Amino acid sequence: MTGGAFVPPIAQAEAPPNVDIAVQAAQAYHDTGAYQHDFDAIVQRAQQDVERERLYVKNPAIVLDIDETTLSNWPAMKANHLGYVSEGACDHLPKGPCGEDAWEERAEAPAFAETQALIKQAQAHNVAVFFVTGRSEKFRRATEENLHKEGISGWKHLYMRAIGDHQPAAAYKTPLRAEIEQQGYTILANLGDQESDLNGGHALHRYRLPNPYYYIP
Ligand SMILES: [Mg+2]
């Protein structure tokens, strides 16, 4: 035999992205201000659309998701290096780990300024505000307290998941928008950071906010 041993190519699946590099890219998207820029542009677009169209529909309303739409969980996500920690305490911020349930109980999530402005403008012009969140009913008190701390109040209803409900978000959220319509409202705008916030219709316009940090089916 002449020459070196030949190793035949081995069939391999394409390797998935390296998670460390993906985390760095997601962190940079936030830290450069690009995330906030993209987020604000979409909420401003929604605000303009609502302002223009509210006079032409009966009982105008907007529907907002909570997490990464109205309230930012960045302090917890950053503490966990964009990993997901569901259990355990959240007592060492800005250091992690920070358990998600404990974080929600703290009621310290900052509101997005553009979303606050959208809500205020809507309410000033008799556009009803509804929240539809995947957060559990067990966090109702903390979530309401958090919204109030951030200057948000006067919403028509805050829909939360029943304790023990684990169905996909769209299966839970779509019928609630239909319910809002059945109450006589026209949903001008539906804002969320996940496809599952927006799928299923029952809104004249839908606005997808950026969120490369987690995925909710
Ligand atoms: Mg969300």
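The protein chain carries 19 positive and 29 negative side chains. The centres of these two sets lie 5 Å apart. The model is a predicted one. Of the 217 residues in the protein chain, 43% are buried.

The protein chain contains eight helices and five strands. From the N terminus, their order is α-α-β-α-α-α-β-α-β-α-β-α-β. Along the principal axes, the C-alpha atoms fill a box of roughly 85 × 40 × 35 Å. Among contacts with a separation of 6 or more, 67% join residues 24 or more positions apart.

In soluble globular proteins, nonpolar side chains tend to be buried together. Here, the largest nonpolar core has 38 residues. Those with the most contacts inside this core are I62, L64, V129, F131 and L191. At least two core residues come from each of α2 (34–53), β1 (60–64), α3 (74–79), α5 (113–124), β2 (128–136), β3 (157–161) and β4 (186–192). The most are given by α2, with five residues. Domain 1 (20–72 + 109–208) and domain 2 (74–108) both give residues to this core, so the core lies between them.

Another core, of 11 residues, lies apart from the largest one. Its members include A61, Y159, L176 and I180.

Conventions. Residues are numbered from 1 along each chain as its sequence is written. This is a predicted model: local features need pLDDT of at least 70, side-chain atom pairs count only at pLDDT 80 or more; totals for chains, interfaces and linings use all residues. Side-chain values use heavy atoms; hydrogens and water are left out. Helices (H or I, at least four residues) and strands (E, at least two) are DSSP runs, numbered from the N terminus. Buried means under 20% relative accessible area, exposed over 50%, partly exposed in between (1.4 Å probe, protein chains only). Contact means heavy atoms within 4.5 Å. Lys and Arg count as positive and Asp and Glu as negative; His and the chain ends are not counted. The place of a charge is taken as NZ of Lys, CZ of Arg, CG of Asp or CD of Glu. A nonpolar core is a set of buried Ala, Val, Leu, Ile, Met, Phe, Trp, Tyr and Cys residues joined through side-chain atoms within 4.5 Å. Domain bounds come from an automatic or database domain assignment.
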